[in-house]
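Please find below a colleague's note on the structure shown here. It is arranged as numbered points for discussion.

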Amino acid sequence: MSSYRVAPANQVQGRVRVPGDKSISHRSVMLGGIADGRTEVTGFLASADCLATLEAFRAMGVQVDRHDETSLTVHGRGLHGLSAPRTVLDMGNAGTAIRLSMGLLAGQRFESVLTGDESLRSRPMERVARPLREMGADILTTDGKPPVTVRPAARLQGIDYALPMASAQVKSAILLAGLYAEGQTVVTEPAPTRDHTERMLRGFGLAVQSNGPRIQLAGGQRLQGTRVAVPGDISSAAFFLVAGCLAGKDGYVVENVGVNPTRTGILDILRLMGADLTLHPRASQGGEPVADIELRRSQLRGIAVPESLVPLAIDELPVLFIAAAGAQGETVFTGAEELRVKESDRLAVMAEGLARTGVPHELARDGIRIQGGHRLQAAEIQSHGDHRIAMAFTVASLLADGELTIRDVENVGTSFPGFAQTARSCGLAVGEA
Ligand code: S3P
């Protein structure tokens, strides 16, 4: 198992560029695969997670030509053109791949079995299976988890479903099943979540209505192949955004970041904490707003993070805990119980790492209270195979007095291939062992 050894650093500088957005990359292959005609994707994230989606769609008969690392052509098979895979579909570490595929596969005329790695096989799937069954889908989970078997359904019927939790994956799975359902499918969200599925469906020519928390589409609409330019992933940028707040030299910029308002909770939270950050807008890509983000070292202060921002920053919370450790005073996160069912139990695993580095904190069922303003001590940190935990503690080296050894970091490649190199390029002292 590989590790990072990260020596203390006190400045980040220059211009940083992060790879393509993971959520958008998954969706580009899925929607491209069921569209009529070709879809040209640029800026694709060639990470283990998105490649799992790509291979799964290849296994269902979709030809995908890879021109280079980040550009590809998806030869769509049309709404009813996928074919039965010959093997189990292995989605690796990717929650988005398995959950969105469950929705899409619910409407196919063949049986498929979906599974993943140990982490994915411990994650809840009934949150998707249940509403899909209400639509008429025939889905079996294994004690609520993968492997998941999706059998052909006699027919799917549109539903009007109130999501019990703020989850873009559940919302998206229902909307994708809705493409194969009779009548209208309506999903109501308890709080806004990332809307990449809705935006991309529109990009493929579909009518999708969003009316406040209600999202609606009619079944049977056909997708037209299109171009998808994937912007940089704000969830990958997050590590360098927090690094910039803690230690950015004048002129430090994180370039080409997707700033869809359903993803920018991190910017709002950092601003509330006193961050000096400026957005320089660029032309939009793939129906998504994009900006360069300039940051300077700022004295952050502790805040009570508004719960409404939590779903808009859900994947960025681990590194925001590191920002909180560097802030003056106490930062309180609540309403974040969804963190317990991510690639790891991110509340427990972050608390364990904070304890090892000597950061005073108090863990709660749905959040954490962190006392900032202390230097971090040298420690060995177990990431529990969670990419975002490993990257968050790499950034913590800007607050540390000694070396941080971060264990079990191979899954960084599920979302951010080349992370250690990018981190070194701006001044973090990451060694790989
Ligand atoms: C994602 C939605 C979020 C997020 C995940 C990607 C998506 O999950 O944590 O990394 O692409 O729709 P939930 O829908 O479970 O909150």
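This is a predicted model: local features need pLDDT of at least 70, side-chain atom pairs count only at pLDDT 80 or more; totals for chains, interfaces and linings use all residues.

1. The ligand sits in the largest pocket. The elements that contribute two or more residues to the shell around the ligand are helix H1 (22-33), helix H3 (95-105) and helix H5.

2. Residues of the shell. Around the ligand are Ser-23, Arg-27, Thr-96, Arg-99, Ser-167, Ala-168, Gln-169, Arg-194, Ile-314, Asp-315 and Lys-342.

3. A polar side-chain atom of Asp-315 is found 2.6 Å from an oxygen atom of the ligand. For Arg-27, a polar side-chain atom lies 2.7 Å from a ligand oxygen atom, and for Thr-96 the corresponding distance to an oxygen atom of the ligand is 3.2 Å. Of the 380 Å² of accessible area that the ligand has on its own, the protein covers 94%.

4. Helix H5. This helix spans residues 168-178 and is mostly covered, eleven of its eleven residues being buried. Among them are Gln-169, Lys-171 and Ser-172, together with Val-170, Ile-174, Leu-175 and Leu-176. At the start of H5, a side-chain oxygen of Ser-167 comes to within 3.3 Å of the backbone nitrogen of Gln-169. Ser-167 and Gln-169 also belong to the residues around the ligand.

5. Ser-112. This serine lies in strand S7, which covers residues 112-115. Ser-112 counts as buried because its relative accessibility is 2%, and the cut-off for that class is under 20%. Neighbours within four places in sequence left aside, Ser-112 is in contact with Pro-85, Leu-89, Leu-105, Val-148, Thr-149 and Val-150.

6. A cis peptide bond. Where is a cis peptide bond found? The bond from Pro-146 to Pro-147 is cis, with omega near 0°. Pro-147 is part of strand S9, residues 145-151.

7. Positive phi at Asn-256. The phi angle of Asn-256 is near 60°, a positive value in a residue other than glycine. Asn-256 lies in strand S17, which runs over residues 253-258. Its relative accessibility is 8%, so Asn-256 counts as buried.

8. Positive phi at His-384. His-384 is a residue other than glycine with a positive phi, near 55°. His-384 is located in the loop between strand S23 (379-382) and helix H11 (387-395). Is His-384 buried or partly exposed? With a relative accessible area of 39%, His-384 is partly exposed, because that class lies between the limits of 20% and 50%.

Terms used. Residues are numbered from 1 along each chain as its sequence is written. Side-chain values use heavy atoms; hydrogens and water are left out. Helices (H or I, at least four residues) and strands (E, at least two) are DSSP runs, numbered from the N terminus. Buried means under 20% relative accessible area, exposed over 50%, partly exposed in between (1.4 Å probe, protein chains only). Contact means heavy atoms within 4.5 Å. A polar contact is a pair of N or O atoms within 3.5 Å; within protein, one must be able to donate a hydrogen and the other to accept it, and residues adjacent in sequence count only if both atoms are side-chain atoms. A residue is near a molecule or strand if one of its heavy atoms lies within 4 Å of it. Accessible areas come from the Shrake-Rupley method with a 1.4 Å probe; for residues, only the protein chains shown count as cover. On a 1 Å grid over the protein atoms alone, a cavity is a set of points where a 1.4 Å probe fits but cannot get out, and a pocket is an open set with protein on both sides within 12 Å along at least five of seven lines; lining residues have an atom within 4 Å of a point. A molecule sits in a cavity or pocket if more than half of its atoms lie within 2 Å of its grid points.
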